[in-house]
Amino acid sequence: DWHRFVAWGGLAEQAAVRVGRGDLVYVEGRIEYRAWEDRSGRSRTVTEIVADDLIVIESRAGGAEQSTSWKERIVS
């Protein structure tokens, strides 16, 4: 499953450097739900995981054919 996660502070800085789209990560935190109305008046909702802890399990940097597996804990 694909999920949107949000990180803040030092965890966000490290995640920006080490995590890419398609990487397999373990995220621990809390779930938050947000709702708003867009410019056309439609109701929108989003579910996000606000990260407290993040572990990279598999990185696909360079494409699927070059994927590597390891566990790297990202700390803030």
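Gly20 is found in the loop between H1 and S2, helices (H or I, at least four residues) and strands (E, at least two) being DSSP runs numbered from the N terminus. At 35% relative accessibility, Gly20 counts as partly exposed; buried means under 20% relative accessible area, exposed over 50%, and partly exposed in between, with a 1.4 Å probe and protein chains only. The model is a predicted one, in which local features need pLDDT of at least 70 and side-chain atom pairs count only at pLDDT 80 or more, whereas totals for chains, interfaces and linings use all residues. Residues are numbered from 1 along each chain as its sequence is written, and side-chain values use heavy atoms, with hydrogens and water left out.

The protein chain has one helix and four strands, and from the N terminus on its elements run β-α-β-β-β. Of its 76 residues, 24% count as buried. Among the contacts (heavy atoms within 4.5 Å) with a separation of 6 or more, 50% are accounted for by residues 24 or more positions apart.

Strand pairing comes next; two strands pair if DSSP finds at least two bridges between them. S2 and S3 run antiparallel and are joined by 14 bridges. Arg4 has Glu48 in S3 as its bridge partner. Strand S3 is also the place of Ile57, a residue that counts as partly exposed because its relative accessibility is 28%. The C-alpha atoms of Ile57 and Tyr26 are 6.9 Å apart, with the two residues 31 apart along the chain.

The interior can be described through its nonpolar core, a set of buried Ala, Val, Leu, Ile, Met, Phe, Trp, Tyr and Cys residues joined through side-chain atoms within 4.5 Å. Eight residues make up the largest such core: Ala7, Leu11, Ala15, Val19, Ala51, Leu54, Val56 and Ile74. Helix H1 (9-18) and strand S3 (43-59) are the elements that give two or more residues to this core, and S3 provides the largest share, three residues. Not counting residues up to four places away in sequence, Ile74 touches Leu11, Gln14, Ala15, Arg18, Val19, Asp53, Leu54 and Val56.

Finally, there is the open space. On a 1 Å grid over the protein atoms alone, a pocket is an open set of points where a 1.4 Å probe fits, with protein on both sides within 12 Å along at least five of seven lines, and lining residues have an atom within 4 Å of a point. The largest pocket holds about 490 Å³ of space, the volume being that filled by probe spheres set on grid points joined across faces, edges and corners. Its lining has 17 residues, and Asp1, Trp2, His3, Asp23 and Val25 lie nearest the centre. The largest share of this lining, three residues, comes from S2.
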